[in-house]
Amino acid sequence: MRIIDQLDEWRRVRRSEEIGQKSVGLVPTMGNLHAGHRSLLERCRRDNDLVVMTLFVNPVQFDDPRDLSSYPRTFEADVERADEWGVDFLLTPAPESVYPDGYRFRVTESELSKRFCGKHRPGHFDGVLTVVMKLLNLVRADRAYFGEKDFQQFLLVREMARSFFLETEIVPCPIIRDRDGLALSSRNSRLFPEQREIAARFPRILAMPGSCEDIKAQLEAAGFGVDYVEDYEGRRLAAVRIGNVRLIDNFPLRK
Ligand code: PAF
């Protein structure tokens, strides 16, 4: 695995014979790698000659500075895992090189990004779409992989790619869950043991039949703060809070 932290160097490599006509897959991450990322990398490996992973904690997608400062950073362990899990190129750029303009230019979406998570996290999806646009332009991958846990993010990225005629295919990958059903997320590591136990009730309640209002009431009764439970594009989407940890999840709606 080659680790590249300078974007100029990466751009030279991308143009070189080393990559040439080989197909390239991209897995964008913010680190703190877990089995969910591993499944994205495995799918990427199956579909492409080369696997590029980016590890970049994107400051502009954090609407709350406390969330940015408490975001789990596990650089050494991530590098080891990326190598073990078959990454060919690991890009770890500094924020100043990703935002040489200081975030003057950004991608804004005016409809879906304002709903669900976007309603509770102003500016979050502009930050996500802007960094993903930059990463897609830098890597020029044939395919890029996004987990369906962040379903709203996946939809927005796919629609942005279509809208801007980007060449990269946006590939959705299924949610990976812990043994008790909780969707894997870097944020789970911030839960205290007793919160982690309560968290396991989130997917169980969300997958139950009933109206969004019923499910919201049941989540509240189980001790969650509920940002929303809503049906969209054949899925039931929800975000809840336990202490200062925010969890999201979704399930396909029963026919
Ligand atoms: O899902 C994530 O980890 C991030 O939102 C992403 C896509 C890497 C952009 O920073």
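**Exercise 1. Locate His 37 and state whether the residue is buried or exposed.**

His 37 is placed in helix α2, residues 35-47 (helices are DSSP runs of H or I, at least four residues, and strands are runs of E, at least two, numbered from the N terminus). The model is predicted: local features need pLDDT of at least 70 and side-chain atom pairs pLDDT 80 or more, while totals for chains, interfaces and linings use all residues. Residues are numbered from 1 along each chain as its sequence is written, and side-chain values use heavy atoms, without hydrogens and water.

The relative accessible area of His 37 is 11%, so the residue is buried (buried is under 20%, exposed over 50%, partly exposed in between; 1.4 Å probe, protein chains only).

**Exercise 2. Determine which residue forms a salt bridge with Arg 45, and where the partners lie.**

Step 1. The partner is Asp 88, with the closest N and O atoms 3.2 Å apart (a salt bridge is a side-chain nitrogen of Lys or Arg within 4 Å of a carboxyl oxygen of Asp or Glu).

Step 2. Arg 45 belongs to helix α2 and Asp 88 to the loop between α4 (75-84) and β4 (89-91); the pair links distant parts of the chain, 43 residues apart.

Step 3. Arg 45 has 32% relative accessibility and therefore counts as partly exposed; Asp 88, at 23%, also counts as partly exposed.

**Exercise 3. Describe the salt bridge of Glu 148 with Arg 235.**

Step 1. The closest N and O atoms of Glu 148 and Arg 235 are 3.3 Å apart.

Step 2. Because Glu 148 lies in the loop between β5 (143-147) and α8 (151-163) and Arg 235 in strand β8 (residues 235-242), the pair ties together parts 87 residues apart in sequence.

Step 3. Both Glu 148 and Arg 235 are buried.
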